[in-house]
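User: I would like to learn how to read the features of a protein model, taking them one after another. Could you go through them with me slowly?

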Amino acid sequence: MANPISHSDPIGAQLQAPGAAFEIEEIQLNGIGCRVFRRSPPTLNAIFAGAQQFSEREFIVYNDARISYGEAFAKAAALAATITQQIGVTKGTRI
């Protein structure tokens, strides 16, 4: 498969080379060829699970406001609880 990074970008080419940290492979997703990072987490849930180890670190900084990963996950869990319990959103509901 052709590397999507231009040959004029040697750093990008090195990062995406076979065996490198950001190696790209082509997969079929719903019958469509997609380029993906070979070593990426398989799901969004896996990304969030991995990020939980950084609960004390800053996740969002906007002007003087700062929110840690832990605070962001707590707010997301509270929102999820609210929309499932009070609004009736369930798996598969389009929102």
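User: Is arginine 38 buried, partly exposed or exposed?

Analyst: A word of care before the case itself: this is a predicted model. Burial is read from relative accessible area, where under 20% means buried and over 50% means exposed, with partly exposed in between. Arginine 38 counts as partly exposed because its relative accessibility is 44%.

User: Which side chain does arginine 38 meet in a salt bridge at 3.9 Å, N to O?

Analyst: Side chains of opposite charge can pair when their charged atoms come close. In this model arginine 38 meets the side chain of glutamate 23 at that distance. Arginine 38 belongs to the loop between β2 and α2, while glutamate 23 belongs to the loop between α1 and β1, so the bridge ties together parts that are 15 residues apart in sequence. Glutamate 23, at 12% relative accessibility, counts as buried.

User: Which other residues belong to the network that salt bridges with shared partners make around Arg38?

Analyst: Let us build it up pair by pair. Glutamate 23 also forms a salt bridge with arginine 39, at 3.1 Å from N to O. That pair links distant parts of the chain, 16 residues apart, with arginine 39 in the loop between β2 and α2 and glutamate 23 in the loop between α1 and β1. Arginine 39 is partly exposed, its relative accessible area being 48%. Arginine 38, in turn, forms a salt bridge with glutamate 25, where the closest N and O atoms are 2.9 Å apart. Since glutamate 25 lies in strand β1 and arginine 38 in the loop between β2 and α2, the pair ties together parts that are 13 residues apart in sequence. Through shared partners, then, Glu23, Glu25, Arg38 and Arg39 are joined into one network. The structure as a whole holds four salt bridges.

User: In what sense do strands β1 and β2 pair, and over how many bridges?

Analyst: In a regular strand the side chains alternate between the two faces of the sheet. Here strand β1, residues 24-29, pairs with strand β2, residues 32-37, in the antiparallel sense over six bridges.

User: Which residues form the nonpolar patch on the surface?

Analyst: The patch consists of Ile11, Leu15, Phe22 and Phe37, which together have about 400 Å² of accessible area. Isoleucine 11 is part of helix α1, and it is exposed, with a relative accessible area of 58%. Glycine 12 lies in helix α1 as well, which spans residues 10-15, but glycine 12 is buried, with a relative accessible area of 12%.

User: What does serine 68 touch, if residues up to four places away in sequence are not counted?

Analyst: Serine 68, which is found in strand β4, touches Ser55, Glu56, Arg57, Glu58 and Phe59 on that count. Its side chain reaches the backbone oxygen of serine 55 at 3.3 Å. With a relative accessibility of 13%, serine 68 counts as buried.

User: Where does asparagine 63 lie, and is it buried or exposed?

Analyst: Asparagine 63 sits in the loop between β3, residues 58-62, and β4, residues 65-68. Its relative accessible area is 62%, and therefore asparagine 63 is exposed. Between the C-alpha atoms of asparagine 63 and alanine 17, which are 46 residues apart along the chain, the separation is 38 Å.

Key
Residues numbered from 1 in each chain as written. Predicted model: local features only at pLDDT ≥ 70, side-chain atom pairs only at ≥ 80, totals over all residues. Heavy atoms only, no water. Helix = DSSP H or I, 4+ residues; strand = E, 2+ residues; numbered from the N terminus. Buried < 20%, exposed > 50% of the residue type's maximum accessible area, 1.4 Å probe, protein only. Pairing = 2+ DSSP bridges. Patch = residues over 30% accessible without salt bridge, like charges linked within 9 Å, V, L, I, M, F, W, Y side chains within 5 Å. Areas by Shrake-Rupley, 256 points an atom, 1.4 Å probe, with all protein chains shown as cover. Polar contact = N/O pair within 3.5 Å; in protein donor to acceptor, adjacent residues only side chain to side chain. Contact = heavy atoms within 4.5 Å.
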